[in-house]
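The entries follow the order in which I worked.

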Amino acid sequence: MSTIAPPGALTPSRADIASRLAATTPLEDLFTSDDLERQHLLSRSDVKPAAVLLLVVDHPGNPTVVFTQRTAHLADHAGQISFPGGRSDAGDESPEHTALREAEEEIGLASDRVQILGRLPEYHTSTGYRVTPVVGWAEPPIAYRPDPHEVAEVFEVPLSFLLDASNHRYESAFYKGRMRRYWAMPYGERFIWGATAGMLVTFQRIMVQTGVRPRF
């Protein structure tokens, strides 16, 4: 699924993204005190380290971001949309190592196809993971080979859509005895939500807060 970026869409270049991620941005400049997404970034002690790859694919005039649709039989987050990634192994040297290893295992993406641009702030999930989102860049074409046990489908969404705050929804639902709030970014028949959408909100706010301008 792909669309042409509309005039004025926020489409930062590889250099734009790398420089914005390298800049130090206090979290309080990005989030309000009652923002659940910011609450998930607060430190906790009972967490398991993990990393995901937010991969931008440089399609000419319309960069995209890679997502996976998880298979329905998995114990955690079955059927949900996520970035390639997972829990850190003892032998992983860094979050970047974890993200690239998991991406190769899940979608068949060779690590030498990815240029690492930086990291987003750690994201603490309600399921007890401390996730480091690693931002990468790749040039097309890319042939995906999803692991059928973990990944039902690999697809891409235009970066301009994800960086448009008008597409970000802050929703709530009653779940397991209490009201929960979460970010969501519906895209056609796809429903991107939860931690994945929250990380994208962080990414968008860093891009906007540090001065990326629309391209025409």
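I began just after helix 3, where G108 takes a positive phi of about 75°. Helices here are DSSP runs of H or I with at least four residues, strands are runs of E with at least two, and both are numbered from the N terminus. I noted that this is a predicted model, in which local features need pLDDT of at least 70 and side-chain atom pairs count only at pLDDT 80 or more, while totals for chains, interfaces and linings use all residues. Residues are numbered from 1 along each chain as its sequence is written, and side-chain values use heavy atoms, with hydrogens and water left out.

Next I looked at helix 3 itself, residues 95-107, whose 13 residues reach 18 Å from the first C-alpha to the last, close to the 18 Å expected at 1.5 Å a residue (the expected span is 1.5 Å times one less than the number of residues). Its buried residues include E96, L100, R101 and I107, where buried means under 20% relative accessible area, exposed over 50% and partly exposed in between, with a 1.4 Å probe and protein chains only. The buried residues of helix 3 pack against strand 1, strand 2, strand 4, strand 5, strand 7 and strand 8, a contact being heavy atoms within 4.5 Å.

I then turned to strand 2 and asked why it is largely enclosed by the rest of the structure. Seven of the seven residues of strand 2, residues 64-70, are buried, so the rest of the structure largely encloses it. T64, V66, T68 and R70 point one way, whereas V65, F67 and Q69 point the other way.

For its neighbours I used the rule that two strands pair if DSSP finds at least two bridges between them. Strand 2 runs antiparallel to strand 8 and is joined to it by seven bridges, with R70 opposite V151. Two bridges join strand 1 to strand 2, also antiparallel, and V56 has V65 as its bridge partner. These two strands form a hairpin with six residues between them, and G61 in the turn has a positive phi of about 80°.

Last I looked up the largest nonpolar core, which has 37 residues, with F67 and L54 among those with the most contacts inside it; such a core is a set of buried Ala, Val, Leu, Ile, Met, Phe, Trp, Tyr and Cys residues joined through side-chain atoms within 4.5 Å. Helix 5 gives the most to this core, with seven residues.
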